[in-house]
Structures are given as structure tokens and as C-alpha cells.
Amino acid sequence: MSHAHAQSEGPSADSLALNHEVSDARSQPIVWGLVMVSVVLLLAFGVMAGLLAITAGSLTDTSNTLSNSEMSQMQLPPAPRLEQNPRVDGDRIVTEATERLESYGWVNERVGRAHIPIERAMELILEHGLDAVK
């Protein structure tokens, strides 16, 4: 009993009409790419290991020539510094501003300059106009 295999002469007309791939992908470029990437990674690892072996003594040297006071000054960033807790600091700033805008108090008592609640200031401007503010 013989098995009859259909021998195809190439891609069928249906495959070509549907724009199907008519050949397999070549694996040789993919394999060469993987080999090249592996070689580059191994070379990079070798170079880094060699540099580490050469500089191992200098990496453990932690001496410095600065005094302790100079070191402490270098460790703190210049003012203004970042907020430790922005939400709490922001709430505090808003609370202080709100209290100042809604209360009476002195700006400069010697000169006789005071601050008043913003609502009262708006009422006075409506009553007397902007010329009375000066």
C-alpha cells in the first residue's frame, strides 16, 4: 500500500490572494544575533571584572582631607531646604495665612500700621473707595 503525497508546486493561489507568507523565516540571522549579543555581554563582564580587580585597593580607601566641621557643612543642603512632610507643612502654611486674613493685628505697631480681616477690608473699600486706602 503506497501513500500518495500531494506534491505542491509552490504556494497555492488562495495563499497568494490572501497575502500569506509563502516561505519560512530564516533562523541563521537570529542565531548569529544571539551569539553576538552573548559575546558582547561576556566581553563587558570581563572588562568590568578586570577594572574592579585593578582598582580594588582604591575603592576601599575612605580617607579624606576635610575637617569634621567642613564635612558637616557639606552634608546639609543650602537653604531653603525641602520640606520633610509637605502635606503637614502645607496645611500649617494655609492655616497661618487663613488666621492672618481673618483676624486683626499689628503689622508695625511703632508706625501704626495694622492688618484687618479681608472681609472687613473689602467692606471699607466699597464704602470709601480706593482713594481712602492711601
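What pattern does the protein chain follow when read along the sequence? The pattern is α-α-α-α-α-β-β-α.

1. Basis. This is a predicted model, in which local features need pLDDT of at least 70, side-chain atom pairs count only at pLDDT 80 or more, and totals for chains, interfaces and linings use all residues. Residues are numbered from 1 along each chain as its sequence is written, and side-chain values use heavy atoms, with hydrogens and water left out.

2. Overall make-up. The protein chain has six helices and two strands. Both kinds of element are DSSP runs, numbered from the N terminus: helices are H or I with at least four residues, strands are E with at least two. Of the 134 residues in the protein chain, 2% are buried. Here buried means under 20% relative accessible area, exposed means over 50%, and partly exposed lies in between (1.4 Å probe, protein chains only).

3. Contacts and surface. Take the contacts between residues at least 6 apart in sequence: 0% of them join residues at least 24 apart. A contact means heavy atoms within 4.5 Å. The accessible surface of the protein chain is about 13,000 Å², and carbon and sulfur atoms hold 61% of that. Areas come from the Shrake-Rupley method with a 1.4 Å probe; for residues, only the protein chains shown count as cover.

4. Strand β1 (residues 105-108) pairs with strand β2 (residues 113-115) in the antiparallel sense, over three bridges. Two strands pair if DSSP finds at least two bridges between them. Gly 105 has His 115 in β2 as its bridge partner. Four residues sit between the strands, and Gly 112 in this hairpin takes a positive phi near 90°.

5. Nonpolar patch. Which residues form a nonpolar patch on the surface? They are Val 31, Trp 32, Val 35, Met 36, Val 39 and Leu 43, with about 580 Å² of accessible area together. Patches take residues with over 30% relative accessible area and no salt bridge; like charges are joined within 9 Å, and nonpolar side chains (Val, Leu, Ile, Met, Phe, Trp, Tyr) within 5 Å. Val 35 lies in helix α2 (residues 28-54). Its relative accessible area is 38%, so Val 35 is partly exposed.

6. Salt bridges. The structure holds two. The criterion is a side-chain nitrogen of Lys or Arg within 4 Å of a carboxyl oxygen of Asp or Glu. Side chains of opposite charge can pair when their charged atoms come close. Glu 96 is partly exposed at 44%, and Arg 92 is partly exposed at 41%.

7. The α6 pair. Glu 123 and Arg 120 also meet in a salt bridge (3.4 Å, N to O). They are three residues apart in helix α6 (residues 118-128), so about one helical turn separates them. Relative accessibility is 41% for Glu 123, which counts as partly exposed. Arg 120 is partly exposed at 32%.

8. Asp 89. This residue lies in helix α5 (residues 86-101). Asp 89 is buried yet has no salt bridge; Arg 92, the nearest side chain of opposite charge, is 4.2 Å away. For charge, Lys and Arg count as positive and Asp and Glu as negative; His and the chain ends are not counted. Leaving aside neighbours within four places in sequence, Asp 89 is in contact with Glu 83 and Gln 84.
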